[in-house]
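Q: Hi! Could you walk me through this one while I have it open?

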Amino acid sequence: MTIAGHDSVNMKDVAPEIMLFVPSVAGISHNEGEFTRDQDICAGTELLAEVLHRLMSGALDDH
């Protein structure tokens, strides 16, 4: 069980949003036992940087 949507639920009426998930060991999340491997954190950070780059380059501009 997770309540991962809490931040995006609060922002949905203010701005477009996405949620980016990275895997945690044994699928444990939002719990003090959560552990995410460095390689997965780095992969998530790289993906976030790519998404931000695309957005700043006009990916959301009207065509």
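A: Happy to; below we go through the fold, the surface, a loop serine and the charged pairs. Keep in mind that this is a predicted model.

Q: Great. How many helices and strands does the chain have?
A: The secondary structure comes to 2 helices and 0 strands. Helix H1 covers 6–11 and helix H2 covers 38–56, with a loop between them.

Q: And what share of the residues counts as buried?
A: Of the 63 residues in the chain, 11% count as buried. The accessible surface is about 5600 Å², and 59% of that belongs to carbon and sulfur atoms.

Q: Which residues make the nonpolar surface patch?
A: That patch is made by Leu-20, Leu-47, Leu-48, Leu-52, Leu-55 and Leu-60, and its area is about 530 Å².

Q: Where does Leu-20 lie?
A: Leu-20 is in the loop between H1 and H2. Its relative accessible area is 39%, so Leu-20 counts as partly exposed.

Q: Switching to Ser-24: is that one buried or exposed?
A: Ser-24 is buried, because its relative accessible area is 15% and the cut-off for buried is under 20%. Like Leu-20, Ser-24 lies in the loop between H1 and H2.

Q: What is Ser-24 in contact with, leaving aside neighbours within four places in sequence?
A: Glu-34, Phe-35 and Thr-36 are its contacts on that basis. With Thr-36 there is also a polar contact between the two side chains, at 2.9 Å.

Q: Nice. Now the charges: how many salt bridges does the structure hold?
A: There are 2 salt bridges. One joins Lys-12 and Asp-13, whose closest N and O atoms are 3.1 Å apart. Another joins the side chains of Arg-54 and Glu-50, at 2.7 Å from N to O.

Q: Where do Arg-54 and Glu-50 lie?
A: Both are in helix H2, 4 residues apart, which is about one turn of the helix.

Methods. Residues numbered from 1 in each chain as written. Predicted model: local features only at pLDDT ≥ 70, side-chain atom pairs only at ≥ 80, totals over all residues. Heavy atoms only, no water. Patch = residues over 30% accessible without salt bridge, like charges linked within 9 Å, V, L, I, M, F, W, Y side chains within 5 Å. Areas by Shrake-Rupley, 256 points an atom, 1.4 Å probe, with all protein chains shown as cover. Salt bridge = Lys/Arg side-chain N within 4 Å of Asp/Glu carboxyl O. Buried < 20%, exposed > 50% of the residue type's maximum accessible area, 1.4 Å probe, protein only. Polar contact = N/O pair within 3.5 Å; in protein donor to acceptor, adjacent residues only side chain to side chain. Contact = heavy atoms within 4.5 Å.
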